[in-house]
Amino acid sequence: MSEHTAKKTVLYCAVCTMPPEYCEYLPSRKKCEQWLEDTHPKVHERLYGDKAIVDKMAMSTLSEEKEAKEAAKMEKAEQKSEARIARELEAKRSSKVVIKRLERNKRKCATTVYGLHVFGIDLKSTAKMFANHFACGGSVAKNPQGQDEVVVQGDFANEVMDIILKKFPKVPRENVEIAPEEKKKKKAPEV
């Protein structure tokens, strides 16, 4: 009853967050293998060394033709994965966080913030943070294009910009802009 089991430490890949034994089945296999070779050479030799390759070939039931197809399939998946990562990075670089002041009625106004979702920022918690900071109402609403944006009651455009830059360092300063105010045209009195 008083037996103690020894703790077992499991090595996880820093690239794909899986155990190194599973890295060979993922699209990021080459990056994982490079990381393993740099950080844990003994484990790399055990999994990818000459002896390991010969053992895997002996256990393989695939013909050479099928192995070539599988290798091509893995290469294609890796290229797709790299292309997806590049597209996401480009989307982050080119996207803007737009802060806009909307006039509601007479002296009331609201500040809207659009584009935070691209940087992986939770809109609901951000709206709550703004509401607590400014002691006003804050919510997530759909804009006319049908996309979510944070709405804060009151004119806080400059303050919101400062808070975004301070609280969310992954949003570059050059990607945050305050949209110019659009004044509503007053109707001319009829004579």
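Helices (H or I, at least four residues) and strands (E, at least two) in these legends are DSSP runs, numbered from the N terminus. The model is predicted, so local features need pLDDT of at least 70 and side-chain atom pairs count only at pLDDT 80 or more, while totals for chains, interfaces and linings use all residues. Residues are numbered from 1 along each chain as its sequence is written, and side-chain values use heavy atoms, with hydrogens and water left out.

**View 1. Thr17, in the segment before α1.** Let's start with a backbone detail: Thr17 is not a glycine, yet its phi is positive, at about 65°. Most residues other than glycine have a negative phi. Thr17 is exposed, with a relative accessible area of 57%; here exposed means over 50% relative accessible area, buried under 20% and partly exposed in between (1.4 Å probe, protein chains only).

**View 2. Helix α1 (residues 29-39) beside helix α2 (residues 41-48).** The two axes come within 6 Å and cross at roughly 135°. Axes are lines fitted to C-alpha atoms, for helices over the stretch in contact, and angles run from 0 to 180 degrees between N-to-C directions. α1 and α2 are therefore oblique to each other; angles under 35 degrees count as roughly parallel, over 145 as roughly antiparallel, 65 to 115 as roughly perpendicular and the rest as oblique. On the α1 side look for Glu33, Leu36, Glu37 and Thr39, which meet Pro41, Val43, His44, Leu47 and Tyr48 in α2. Contact means heavy atoms within 4.5 Å. By class, the residues of this contact are five nonpolar, two polar and two charged (Ala, Val, Leu, Ile, Met, Phe, Trp, Tyr, Cys and Pro count as nonpolar, Asp, Glu, Lys and Arg as charged, and the others, Gly among them, as polar).

**View 3. The largest nonpolar core, with 21 residues.** Such a core is a set of buried Ala, Val, Leu, Ile, Met, Phe, Trp, Tyr and Cys residues joined through side-chain atoms within 4.5 Å. Val97, Ile99, Val113, Phe130, Val160, Ile164 and Val171 have the most contacts inside it. Two or more residues come from each of β1 (97-103), α5 (123-134), β4 (148-153) and α6 (157-167), and α6 gives the most, with five.

**View 4. Helix α5 packed against helix α6.** Their axes are 12 Å apart, at an angle of about 125°, and that makes α5 oblique to α6. Met129, Phe130, His133 and Phe134 in α5 meet Glu159, Val160, Ile163, Ile164 and Lys167 in α6. This contact has six nonpolar, one polar and two charged residues. Also in α5 is Thr126, which is buried, with a relative accessible area of 2%.

**View 5. Val171, in the loop between α6 and β5 (176-178).** Val171 counts as buried, at 4% relative accessibility. Not counting residues up to four places away in sequence, Val171 touches Val97, Phe119, Ile121, Ile164, Leu165 and Val176. Its C-alpha atom is separated by 9.7 Å from that of Gly120, 51 residues apart along the chain.

**View 6. Ala135, in the loop between α5 and β3 (138-142).** Ala135 is another residue to check for its backbone: phi is near 55°, a positive value in a residue other than glycine. Ala135 is exposed, with a relative accessible area of 72%.
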